[in-house]
Amino acid sequence: MSDMVVATRPAREGLWQRIWRRRTRNYVIAFLFVLPALINFTIFRYLPILTTLRASLWQYSLLGGYGDFIGLQHYRFMLEDPIFWKSLRVTAAFVLLKVPLQVAFSLVLAVFLRQERWILGVVRSAIFTPVVTSMIVVSVLWSMMYHSQLGLINSLFSIVGIPRQAFLSNANRALPAVTVMMIWKEVGFSLILLLAGLKGIPEVYSEAAIVDGANRLQIFWHVTLPLLRRVLMFVVVTQTIFSSQVFVPVYAMTRGGPLNATKVIVYYIYQYGFLFQDMGYASAMSIATLVILLVVSGIQMRAFRSEVEY
Amino acid sequence: MSISRLVGLGARKIIEYAIYLAILLIFVIPFAWMILGSLRNETEIFANLYPFTWHTIVPIEWTLKNYLDIFGLSPEGQSYGLNFQRFLFNSFLVSAAVVCSSLVVNTMGAYFFARLDFPYKNVLLVFVIATMLVPFQVTMVPLYIVVSSLNLEDTYWALILPWYASPFVIFALIQFFKEIPKELDEAAIIDGASYWGVLRHVIVPNAIPGIITLALLEFQFIWNLFYWPLIAISNNNLQMIQVAISQQTTQTQVYWGRTFAGATLASLPVIILFLALQRYYVQGIALSGLKG
Amino acid sequence: MNIKRLGRVAEGVSRRWFTWLSLVLVLALVVVGCAAPALAPPAEKAPAEKEEAPAGPPEKVTLRFLAIQDDAQLNAWKEILQEFQQIEDGKWSYVDIQFESVPFRELFPKIEASVAAGLPWDLLEADGPDMKHYGFNRVILPLGEYFTEDELKQWFPQSIEEGSFRGELYGPPMMQSCSLMMYNTEMTEAAGISPPQALADSWTMDEALEAWQKTTVDQDGDGVPDQWGLRWGQGTWVGDYEHGIFHRSNGEKGSPTYEGMGEDGVSFVGYLDTPESIEAMQFYQDIHQEYAVTPIEPIPNIFESEQAAFMVTPDNRIGELNRLYGEGEFSWGVTGIPYFVTPVCQTGSWHYGISPNTEHFEEALAYVKFASSDAGARIWYKHVRQLPANVALFNELPEYQEGGRQHIWFEAMNEIGVPRIQTPCYTEYQQMFAEAALNIQQGADPADELSATARRIEGLCAKYAGWNE
């Protein structure tokens, strides 16, 4: 704080004056800016989260209501539940496969698609279409494209002499298959965020670099990327969060199978809460997810910060 | 310029356009399959999958029946009381309301985090971001209990109020706001501008691409809501489009024709919105001028 | 102490002060938010007393009815409501119904959310096997005392069993179902097959397999059939209703395999994983993998778009074929359901339920009684065209009479129809069984899958132990 000296005050000062000192007043005004959002989060997000926390310590089912207080028993059960660990591994594999690939793709695409040419406008819109296409239709379509017998992909394979493969009904390939589909569906989402980020970078930088004789790759690596790091950090962190909560494609296409190969954590939580009648355990698993994600995104944010803060 | 260089340039152009075409095919064919699927007879949709031919995608017999059905204009649609125009209207109303309020509230919130001085601001930021980390499938029912104890269930408010502020948007706008040189608003403050004035006249104008992008993403997020309206809304007149589409699946069958037509209608508005906002994503003329 | 440090202390004080202020604010909000739900606890009202019937013209009453989104059903209920308002000289003319409809797969979660929030809905539509679950959790009211012996005789005994919990009726049925094997006559004729028309002559699984193999046609020899022999079950999903028939049918009547579950309603080891059950599920795997008469990954509308010759389905498929092709345009036939040892079709009753939160019990009960009576069932059938649960209605529908095209469903219902396993743990069971069946279909070892699944189900069902004692 540079104005620290100014902040010293006479020894005797009424409470009222203390409140209305300048910086204090600024705090109040500042707080008013964030207050509407905080009210929303408190009522519509923290109340449910606190309820979830509470439920994780009780025997609780939606239909049967609250039973006994059981402390940390759900959490202890979680440690011994092989399918919980399996679903964590599946989720981690999905995130580790999807996020880097998707971010890399959208970064490359953003650099090439940032200019104003009609053809690029068409390509940009094309990449955005899957983002808004209904998941019901997308999952039917991809199930048919992946189909072990009729699928388009297998038709292409058989042209070049590769035997037909099963994707969604093969425990080794189901998760990669779902991942590819989700990258296809969501690459447009991260693309437009990166495009908006690129738009904010003044062109003088790259022009100066061109004058200095830098080639395109050097410009990208040394000028564009560092300037884009905040938006990039945001995309990586939020994509990690959203991808670890993936639910709909699994719900609509594979239902967690085959052999739990696509049983991502949120699908397992859903099964427990709504179908196995144990919202208490589902809540405990959600709190665990919250903690894991908090750590992971904290690490990510730190990594991006230390890398570039000069 | 030598001829070989010219040939090289031509070859590059061809390769470039070939790549564009490949991207187009990969991303648009599924979409085209959906649109064309909505224009064919229901029995045709899955009848020509294999072997892959022209008619896998293009209808043999064109028909508008699916659209007449979902708008309640055909006898079948009428007897089933289908009314997709109403669902589209609801979705549009709710999405627009959320985007408008969210633009104000989240911009203010992001300005607070990006620029204003406040003790333990970072802790508060964690408080905001942490709201994204709990799977909605679990908080959904508690949220429903909150909403119904406020007597909001089965109203538009139930669809709007919980979403009028978004941690995702705030978090994103913070990044965009921080890119703006700090000297700009410090100068404005010295000139006697209030925080509000700085936000309006310095921050927002300099972050338009980011704000537009997030408005668009927020719009499509609300537009695509499925589980929340399903739980929160019981009165079918207030229902949103994605739920209406999934209602074409009953316990014994799927009305594929209506599903495809509904999905087509549901995706077009967002795409049109995206096309209209294109100019906010492109670089100025200067750089394109570099190209041959 | 210099001035600078003093400043830092002051800074610290006011900083802390503001952190506290904001914390208090947030906490206050939390408290307000917490208090709000606490102030409005879920309404737990006893059913309205009968004596309280209003003397003058009663005010308009709107019942909230939670149901599956199915336009035909909704149309039926609306017409039933119109009739209901006329009966007994318009005694119930003040009753109206607001339908709250959700897709089939989301009905159960929606009911759960409504119950958890304690909403005052009145009526719900419940799948037969879920009735035990709802009864166990007191989500619906027992209705036994409101129905006389004679009234109970209106419906099939299977329906009564499915609608009851601990021997008491919780909800009368709206319809029944039983899956048999329909076929595309053009395809069977082309293959020179004539499926048996009498229920008693139904094919065994091996005989049926022969027919499926004959109707699986791959003309260009590329390894992908142009026409498939079979689709077992409605839609594209796997579930207990149709797929549970495999293992139950491989046991003698009364054997553990046939029963599928222990008498205590929570034991599955020794019932689901018997050698007979494993053998049956091995066959289920073989029809996908070894004989390849049905695609491993399902194809939507495979029977309806003329890509498969046989389909195991209830008779609701007839209405769908009429809708797609026009009344009577699709030439279908029907034969009994194939079996190993004992012919089985699992019955699928749907029921009315009345919520304990209702404020209009009398009206809700009257509507349910009317809707499930002969008159209501008649209207229902007109719209939904599915096997009625109402015996009197059966006897007046020509298509179900001797010689009628759907007669065999009536016969099957009476002779081989058994309810699905009756336990409050059905949802858990159904979920786990479907996963196991899917894994087996896709190549997992049936013995391993079934024994692991039986054990897991028992773990999930332990919480209901002793429910039927």
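Trainee: What makes domain 1 and domain 2 the parts of chain B?
Mentor: This is a predicted model. Chain B is divided into domain 1, residues 3-63, and domain 2, residues 84-247. Those bounds come from an automatic or database domain assignment.

Trainee: How many Å separate the centres of domain 1 of chain B and domain 2 of chain B?
Mentor: The centres lie 37 Å apart, taken over C-alpha atoms.

Trainee: Now chain A. How many helices and strands has chain A?
Mentor: Chain A has 14 helices and two strands.

Trainee: How does the radius of gyration of chain A stand against that of a compact globule?
Mentor: Set the two values side by side. A compact globule of 310 residues would come near 19 Å, but chain A has 25 Å. Along the principal axes, the C-alpha atoms of chain A fill a box of roughly 85 × 70 × 30 Å.

Trainee: What share of chain A counts as buried?
Mentor: The test is 20 or more other C-beta atoms within 10 Å of a residue's own. Of the 310 residues of chain A, 48% count as buried.

Trainee: What share of the contacts in chain A join residues at least 24 apart?
Mentor: Take the contacts between residues at least 6 apart in sequence: 68% of them join residues at least 24 apart.

Trainee: On to chain C. Why are strand 2 and strand 6 of chain C said to stand at the edges?
Mentor: Start with the sheet. It is an open sheet of five strands in chain C, with the order 2-1-3-12-6 and mixed pairing. Strand 2 (95-102) and strand 6 (173-175) of chain C each have a single partner strand, so one side of each is left without a neighbour in the sheet. The twist averages 30° from one strand to the next.

Trainee: How do you know that strand 3 and strand 12 of chain C pair?
Mentor: Pairing takes at least two bridges. Strand 3 (residues 123-127) and strand 12 (residues 350-354) of chain C have five bridges, in the antiparallel sense. In one of them, C:A126 has C:H351 of strand 12 as its bridge partner.

Trainee: Which strands does helix 3 of chain C lie across?
Mentor: Helix 3 (residues 104-117) lies across strand 1 (61-68), strand 2 and strand 3 of chain C. Its angle to strand 1 of chain C is about 135°.

Trainee: What makes strand 8 and strand 10 of chain C edge strands?
Mentor: Their sheet is open, with four strands in the order 8-9-7-10. Strand 8 (228-232) and strand 10 of chain C each pair on one side only. For strand 10 of chain C, four bridges join it to strand 7 of chain C, and the two run antiparallel.

Trainee: Last one. Which residues of helix 16 of chain C are buried?
Mentor: They are C:I408, C:W409, C:F410, C:A412 and C:M413. Their cover includes strand 7 (180-184), strand 10 (332-335) and helix 15 (391-396) of chain C.

Terms used
Residues numbered from 1 in each chain as written. Chains lettered and ligands numbered in written order. Predicted model: local features only at pLDDT ≥ 70, side-chain atom pairs only at ≥ 80, totals over all residues. Rg over C-alpha atoms; globule rule 2.2 N^0.38 Å. Buried ≥ 20, exposed ≤ 12 C-beta atoms within 10 Å, placed from the backbone. Contact = placed C-beta atoms within 7 Å. Axes fitted to C-alpha atoms, helices over the stretch in contact; angles between N-to-C directions.
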